[in-house]
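Please walk me through this structure, one selection at a time. I have it open in a viewer and would like to know what to click on next and what is there.

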Amino acid sequence: MELDFSVVIEYFPRLLTGTWMTIKLVLLSIVLGAIVALPIALARISKNWFISGVPFAFIFFFRGTPLLVQIFLVYYGASQFEAVRESFLWPMLREPFWCAIIAFTLNTSAYTAEIFRGAIQAIPEGEVEACKVMGMTKMQMYHRILLPRAFGIVLPAYGNEIILMLKASALASTITLLDLTGMARTIIARTYTPIEIFLAAGAIYLVISIFVIYIFRLIEKRQNRYLGTLSIKVPDKG
Amino acid sequence: MLDLHGFGDQLLQGAGITIQLALCSLVVGLILGLLGASAKLSHIKPLQWIANFYTTIIRGVPELLTVLIIYFGATTVLMAIAGVFGYEEYIEIGPFAAGVTALGLTFGAYATEVFRGALQAIPKGQHEAAIALGMHPRRKFFRIILPQVWRVALPGIGNLFLVLLKDTALVSVVGLEDIMRKANVAVSNTKEPFLFYLVAAFMYLALTIVSMVVVHYLEKRASRGLTRG
């Protein structure tokens with residue numbers, strides 16, 4: 001077996017173009033996904049069945065089916081309806097880029113909503129009570145205590161979700177988008193060097209995920225700095 | 001009722017393939033996971049390095065890319081190996097074998113972490129008690145450690161299986177005749193993409209629900225020694 005890695009050098013600029021597309025896809029869907037996720041998470045917490053039922057079904061559907069099906073549903077499925085093809089949304093739904101963004105956003109928002117819910121519910125009841133005892137208004141309580149707390153709790157899981165999204169974004173290549181994977185596949189169709197090019201693409205994904213992990217470790221350290229150093233140990237009860 | 005234009009049977013056949021693929025990958029993945037966890041916890045440094053390298057690479061690369069690398073790369077690698085032994089015929093690996101390899105490797109990498117946590121959660125006293133009773137290390141592992149690891153690891157493994165089930169759809173990209181592929185064929189014949197992809201989605205959803213029920217039952221069974229009253 002002879003591997004010829006000179007093709008990697010030759011096509012590296014094109015792989016970088018694909019990388020940029022991947023980064024755009026991930027960033028846009030992560031930001032939009034977080035915006036969609038917050039109201040879903042808040043509604044999901046509600047004890048009222050009418051309010052929590054719809055988010056529950058939404059989350060269950062998007063977490064229980066493959067992302068590939070969801071992408072195909074948006075990209076190919078939407079065009080089945082005359083009404084969609086004539087609506088103002090059609091110029092967007094015709095573009096694979098926006099279809100990928102829609103599918104990714106819905107998918108990641110379902111996962112993110114569950115992460116947010118877990119974080120909000122993980123704040124000890126005592127902290128809410130303490131805020132009330134201090135005479136804080138509800139706004140102050142959320143602004144000063146609860147949201148910063150939830151943010152600190154959410155970080156590790158949210159970092160994981162971004163990496164999962166990064167890997168899931170490779171599916172955009174199935175609807176003709178030239179993201180990193182898509183670009184690799186087009187290069188391979190021309191050069192017939194699957195191992196070299198795919199390994200190079202894999203290495204780029206790896207570098208991006210290591211970068212994300214690193215950034216999140218920094219934010220986490222900053223956000224949870226009030227937890228102090230390990231030298232302060234709270235003695236166990238009993 | 002839904003009109004599937006006679007593609008219902010095809011979709012069900014696809015579901016059969018999807019289930020086979022998921023179960024085969026599960027077996028491969030569980031074995032790799034146990035091996036990986038043992039390697040990470042072993043005192044032999046090179047074994048730790050190999051296991052860390054394996055989990056870092058697999059977890060950092062998209063599953064679709066893993067499937068593609070194995071499907072398109074395995075032929076080259078296998079032919080190179082066969083060439084060493086003087087075998088010059090063309091070797092091709094089918095989408096099913098490639099899928100089991102890729103998904104098994106992925107599952108194994110994540111399962112390594114789950115099993116490592118579970119192995120570490122077993123109190124030291126359990127090991128000591130087994131040794132004190134004069135158990136052979138292998139016997140200690142299968143009789144005492146593994147059943148407890150199983151109980152601790154089950155929720156994590158269950159989640160991984162749900163992920164695996166959804167990842168099987170990726171293998172349709174290299175031509176495996178699973179639910180997704182059958183849906184694609186139906187769509188190109190009937191021009192009703194929304195209907196068939198939605199049916200496919202609900203088939204995956206049904207498989208997910210069944211798996212959740214089975215995992216719940218297994219969890220209950222595995223912790224029956226702990227429930228009180």
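Start by selecting chain A and looking at its contacts, where two residues are in contact if their C-beta atoms, placed from the backbone, lie within 7 Å. Among contacts in chain A between residues at least 6 apart in sequence, 79% join residues at least 24 apart.

Before you go on, a word about what is on screen: this is a predicted model, in which local features need pLDDT of at least 70 and side-chain atom pairs count only at pLDDT 80 or more, while totals for chains, interfaces and linings use all residues. Residues are numbered from 1 along each chain as its sequence is written, and chains are lettered from A and ligands numbered from 1 in the order in which they are written.

**Stop 1: the whole of chain A**

Switch to a cartoon view. Chain A has ten helices and zero strands; here helices (H or I, at least four residues) and strands (E, at least two) are DSSP runs, numbered from the N terminus. The radius of gyration of chain A, taken over C-alpha atoms, is 22 Å, well over the 18 Å that the globule rule gives for 238 residues, so chain A is more spread out than a compact globule. That rule is 2.2 Å times the number of residues to the power 0.38. Along its principal axes, the C-alpha trace of chain A spans about 70 × 55 × 30 Å.

Now colour by burial. A residue is buried if 20 or more other C-beta atoms lie within 10 Å of its own, exposed if 12 or fewer, and partly exposed in between, with C-beta atoms placed from the backbone. Buried residues make up 35% of the 238 residues in chain A.

**Stop 2: the annotated stretches**

Select residues 19-216 of chain A, where UniProt places the feature "domain: ABC transmembrane type-1" in an unreviewed entry. UniProt positions are given in the numbering used here, feature names are shortened, and annotations may be inferred rather than shown by experiment. This stretch is 82% helix and 0% strand, and its end C-alpha atoms are 20 Å apart.

The unreviewed UniProt entry also lists "transmembrane region" for several stretches of chain A, including residues 20-42 and 49-75. Residues 20-42 of chain A are 100% helix, with end C-alpha atoms 33 Å apart. Residues 49-75 of chain A are 93% helix, and there too the end C-alpha atoms are 33 Å apart.

**Stop 3: an open helix**

Is helix H7 of chain A, residues 125-133, buried or in the open? Of its nine residues the number buried is zero, so H7(A) lies largely in the open.

**Stop 4: where the chains meet**

Show chain B as well. The contact takes 26 residues from chain A and 30 residues from chain B. On the chain A side, the largest share, eight residues, comes from H10(A).

**Stop 5: inside chain B**

Select helices H1 (residues 8-41) and H7 (residues 179-190) of chain B, whose axes come within 7 Å and cross at roughly 155°. Axes are lines fitted to C-alpha atoms, for helices over the stretch in contact, and angles run from 0 to 180 degrees between N-to-C directions.

Finish at Val199(B), found in helix H8 (residues 193-222) of chain B. Val199(B) is partly exposed, with 19 other C-beta atoms within 10 Å. Not counting residues up to four places away in sequence, Val199(B) touches Leu4(B) and Leu11(B).
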